[in-house]
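Please consult the sequence and the structure shown below while reading.

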Amino acid sequence: MSDTNSSPNGKKILSRRNLFFGAGASLLAAAGHALYRHVSSTSSVKVESFSTPASGKKKNILVITGSARQGGNSDVLAEAFVKGAREAGHDVNVFAAGRERMSACLHCEGCWSTGRPCVLEDNFEKLWPLLEKADMLVFCSPLYWYNFSGHIKCVMDRLYPYSKKQKLRDMPVREAMLLMCGESLFLRSFAGPAEAYRQMLGFKGWKDRGRLFVTGVNDAGDMAEHKALATAEAMGKNA
Ligand SMILES: Cc1cc2nc3c(=O)[nH]c(=O)nc-3n(C[C@H](O)[C@H](O)[C@H](O)COP(=O)(O)O)c2cc1C
């Protein structure tokens, strides 16, 4: 992953490496799984994505979005994914964490004491029934301070009841995807949340089914007709 092909003034720079990646994709073998990795970088806007082959089974997919901006860039990215996933026959629910009232985890260890996963009475009440039937989680977040948005991070922390040994129930989740967008022109700006996501999946034993990072989008509307939408839709179809 290199930033040398970005241009501060937004002019097209086509290095040999860009031409190679822009022309197609590289097939890699990683941990026994075929991995499709595509870096498209023919302008100051970069899209990096990869996805692994789908099992072909119909799934229950829960997309958790992380922006308060309705119709903003990450919402539009999530919509493209949802379109593809529904076209492929999957059941898809969307939880817009950025527009739901939800507190941060208190680490009070009161999980399951009421029969519910959490003692807090907020819109997690809407989320946990969706979590408890989801085969796949898709996190779709804007980049905030080189990290997930607080809205998404809050949801991740509220998954704590499901990581306890003494849980009453579990989530059927086995797979995850990560979609992110930000103003930065550099893919390295997403390195922090990408690593946190990787570690989280390792901890939970979930399979990583793909990641998409979209640089160079800031104003609401920047994602409209963006080339990344086709990638997000394909990731949904391939879910
Ligand atoms: C609090 C805050 C922090 C942000 N931090 C970053 C950042 O660290 N890097 C970046 O590239 N963009 C950052 N941005 C810009 C957003 O990632 C960008 O505008 C994104 O497209 C917003 O997506 P949305 O329309 O879905 O909310 C930040 C925006 C906000 C509001």
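**Pockets and aromatic contacts**

Eleven nonpolar, two polar and three charged residues make up the lining of the second largest pocket. The structure is a predicted model.

**Second largest pocket**

- The space in the second largest pocket amounts to about 250 Å³.
- Two elements each give two or more residues to the lining of the second largest pocket, namely α4 (150-158) and α5 (191-204).
- With five residues, α5 gives the most to the lining of this pocket.
- The second largest pocket has 16 lining residues, and those nearest its centre are M156, D157, L159, M200 and F203.

**Largest pocket**

- For the largest pocket, the volume is about 340 Å³.
- Its lining consists of 16 residues, with L143, Y144, G182, E183 and N218 lying nearest the centre of the pocket.
- Divided by class, the lining of the largest pocket comprises seven nonpolar, seven polar and two charged residues.

**Aromatic pairs**

- Two aromatic pairs are found when the whole structure is searched.
- One of the pairs is formed by W112 and Y162 in an edge-to-face arrangement, with 5.5 Å from centre to centre and 90° between the planes.
- This pair links distant parts of the chain, 50 residues apart: W112 belongs to the loop between β5 (91-96) and α3 (124-131), whereas Y162 belongs to the loop between α4 and β7 (175-181).
- Both W112 and Y162 are buried.
- F190 and F213 form a tilted aromatic pair, for which the centre-to-centre distance is 5.3 Å and the angle between the planes is 40°.
- Because F190 lies in the loop between β7 and α5 while F213 lies in strand β8 (residues 207-214), the pair ties together parts that are 23 residues apart in sequence.
- F190 is buried, and F213 is buried as well.

**Charge over a ring**

- The face of F186 has R188 lying over it, at 4.4 Å from the ring centre.

Note on methods
Residues are numbered from 1 along each chain as its sequence is written. This is a predicted model: local features need pLDDT of at least 70, side-chain atom pairs count only at pLDDT 80 or more; totals for chains, interfaces and linings use all residues. Side-chain values use heavy atoms; hydrogens and water are left out. On a 1 Å grid over the protein atoms alone, a cavity is a set of points where a 1.4 Å probe fits but cannot get out, and a pocket is an open set with protein on both sides within 12 Å along at least five of seven lines; lining residues have an atom within 4 Å of a point. Grid points are joined across faces, edges and corners, and a volume is the space filled by probe spheres set on the points. Ala, Val, Leu, Ile, Met, Phe, Trp, Tyr, Cys and Pro count as nonpolar, Asp, Glu, Lys and Arg as charged, and the others, Gly among them, as polar. Helices (H or I, at least four residues) and strands (E, at least two) are DSSP runs, numbered from the N terminus. Rings of Phe, Tyr and Trp (its six-membered ring) pair if their centres lie within 6.5 Å; planes under 30 degrees apart count as stacked, over 60 as edge-to-face and the rest as tilted. Buried means under 20% relative accessible area, exposed over 50%, partly exposed in between (1.4 Å probe, protein chains only). A charge sits over a ring if NZ of Lys or CZ of Arg is within 6 Å of the ring centre and within 35 degrees of the ring normal.
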